[in-house]
Amino acid sequence: MTQAPPSARPAVDTVLDRFEAWARDTPAARALVHGAEHLTYGELDVRANRLAHRLLGAGLAGNRRVAVATARPVERVVALLAVLKAGGAYCLIDSGSGPRTGRRRLTALSPHLLLADAPDRARLDEGAGPRAVDLGAGGIADLPPTAPDRLRDTPGAAVLFTGGSEARAVPVSQALLLAAYEGWAQLARPTPEDRHLFTGEADATAFAAGWTRALCSGGTLVLPETDVPSPQDLVRTVRDEEVSCLYTDPGGAGELLRQAPEPPPAPAGRGREPAPALHTVRLVAVTGDRFHLDEQIALQDRLRPGARVLAVYGLTEAAGTGTWFELTQLPRPQDDPETLAPLGTPFPGCQVHVLDGEIHLTPPTGTDPVATGDLGTLRPDGLLAFGGRLRDRLTLEGGRRLDPYAVESAIRTHPHIGAAVVARVTTAYRTRLVAYVAPPPEDPDWAVGREAVGLDSLREHLSGKVAYEELPGGLVRLRALPRNRAGQEDRAAVPQPPEPAKPKPRGTPSGGGKYGAAGGEGLSPGCATGCLSLPVAVLLAVLTGVFWPGSTDLTGVPQPWAFLFFVLYVFEVAAFAAGVVFLLGGRRLMPRRGRGRALTRAAHLAVAYLLLAWWPQDNFYRLAAKQDWPRQAALVYAFNIPLMIAGMVVAFYVTRKPSTPFDFDN
């Protein structure tokens, strides 16, 4: 059971009252850990009290919003507590999300104050925003260490942002924040001995509302060195800080499986040993996106006996609560666990209904049900199962609707595929379904599965599992599926596959694969370059005498120099012709390098310019007098400097590490 603070609770109970009770009764207990920096409950309370007085002095009135945008994790927690103590409503804005996202969220929030360090404030505030309070300016040491008087009936506590590309600001009341904590407390049973770690973004609901699980139960909140630690850093923090309660998303759970492999079988007569890096963990809560049953089973096998793995379906509107699932809820083992993502049963105080296939969730405070936009089914055993998202629904030819989750689940039954999303991709010639797949944890670099996972083999594997028109017509192998800041699979961030060749007329041999996906009419890139460059080069050779008469006249030039200059002219014209072809057709071949759209576009134009510039440049130079300084300067700035810039762009492009390595199979 949850250990309650020994102090009597006030008549008005809030998460801040819960924290302050622990600060009064256990002031020497450790509250925060961030690397070598530690704060006790007493120290954290005093710092938050002094900052609260400063906020009140800056004009913060009851229930007004305060944006907290510091990049320092410890100061972030101090700040949100100070806002609550001053009677305001906090909102965390991750300064690492980029200026554009931060400014957009700041505009949507319309805060009374912006609480940030100077560098973060400069990135977010363009001068017309809220009044800023500089956290790095100091000057609070002389302020009172005791809590200021505050209105205890202020309804607001926080403003949380929903996940996804269209993030919305959701006000959260004091009652909801406390009810969400109470639900977690009944479910996870936290104790003062627990050490809690969140792996997601600081402004995600998981942390922005979930910090209460540590500081309202007398436990320790472990703050990672970065908001999104690398897999190696995550495992090292769990081990070194002896984390007992870990909160992550399916992507983080997958990295745990990769970094903490399953231990060898225990000797006869001994129980199963956990993975060494996870031996202190007693609870892993996975939230943010679908978490398949096979993944949950694999993670459970890495933990010590008696440890728990919870798949949590939580909404921002419910302060991170909703439903939860644990393996013990299943009445019996399930066939094909790769196809099932259980959501389980409601949190204490929550209610769930499925109306016309869509999940509706009632928060623990009993407010109106929230239409989630997610699809679900109630199983005969009473458990709720995930069924996809309305926003991901596709329309096939003939108007037929497809929920890709069913196809993605069938793809995951392939022995060499660990994750998959299916998208509808439209090219100049046709529209097709493309499967984006990632390897299982035991083969993170496709060392084994690369050859086994091809389009033909995948379609053969899916035969009989999905309808023929639902079979993917393209395949992209990724090292990992991209995820957004909320931990959800980001379908908008998957790479665009190369455009397939134009289909051949009916009756023409395709020369493609079993399903004609790799074949088709049209020139291959090499043939297109060679066949199109030749007529362009001939045309340019004729036009040289039109635009620059006399520039290639070799009369009077002795051999072998005349021949060498002639070869130079041929190369100039050939380079320009190749540049024309690359400008028109090279762009579609470059996205497979995985360097990002903006950089790929810049590199495409730079390469085209490097090839195109030689023909006009040399002809202009040959006709320019050496002492014609205006023309010489114009030529340098028109050609030489852009050539240098183009060369630097290409150098950056070829040396930049791909953002998401992937392979194509069309």
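**Entry 1: salt bridges**

I looked up Arg 479 and found a salt bridge to Asp 445, with the closest N and O atoms 3.9 Å apart; the term covers a side-chain nitrogen of Lys or Arg within 4 Å of a carboxyl oxygen of Asp or Glu. Arg 479 is in the loop between β24 (474-478) and α15 (525-547) and Asp 445 in the loop between β23 (431-438) and α13 (449-452), so the bridge ties together parts 34 residues apart in sequence. Helices (H or I, at least four residues) and strands (E, at least two) are DSSP runs, numbered from the N terminus. Arg 479 counts as partly exposed, at 40% relative accessibility; buried is under 20% relative accessible area, exposed is over 50%, and partly exposed is in between (1.4 Å probe, protein chains only).

I note that this is a predicted model, in which local features need pLDDT of at least 70 and side-chain atom pairs count only at pLDDT 80 or more, while totals for chains, interfaces and linings use all residues. Residues are numbered from 1 along each chain as its sequence is written, and side-chain values use heavy atoms, with hydrogens and water left out.

How many salt bridges does the structure hold? I have 27. Arg 282 and Asp 194 form one of them, with 2.8 Å between the closest N and O atoms. This pair links distant parts of the chain, 88 residues apart: Arg 282 is in the loop between α10 (250-259) and β12 (283-286), and Asp 194 in the loop between α6 (174-188) and β9 (195-198). Both Arg 282 and Asp 194 are buried.

Glu 326 bridges to Arg 308, the closest N and O atoms being 3.0 Å apart. Glu 326 lies in the loop between β14 (321-325) and β15 (342-346), and Arg 308 in strand β13 (residues 308-315), 18 residues apart. Glu 326 is buried at 10% relative accessibility, and Arg 308 is buried with a relative accessible area of 10%.

**Entry 2: aromatic rings**

I searched the whole structure and got six aromatic pairs. Rings of Phe, Tyr and Trp (its six-membered ring) pair if their centres lie within 6.5 Å; planes under 30 degrees apart are stacked, over 60 edge-to-face, and the rest tilted. Phe 386 and Tyr 405 are edge-to-face, at 5.2 Å centre to centre and 90 degrees between the planes. Phe 386 is in strand β19 (residues 384-389) and Tyr 405 in helix α12 (residues 404-411), 19 residues apart. Phe 386 is buried at 7% relative accessibility, and Tyr 405 is buried at 8%.

I also listed one aromatic cluster, made of Trp 184, Phe 198, Phe 207, Tyr 247 and Phe 347. Which residue lies over the face of Trp 184? Arg 213 does, 3.7 Å from the ring centre. The charged end of Arg 213 also sits over the ring of Tyr 247, 4.8 Å from its centre. The test is NZ of Lys or CZ of Arg within 6 Å of the ring centre and within 35 degrees of the ring normal.

**Entry 3: nonpolar cores**

The largest nonpolar core has 67 residues, and Leu 81, Trp 211, Leu 215 and Leu 221 touch the most other members. A core is a set of buried Ala, Val, Leu, Ile, Met, Phe, Trp, Tyr and Cys residues joined through side-chain atoms within 4.5 Å. Apart from this core lies another, of 29 residues, among them Val 284 and Leu 299.
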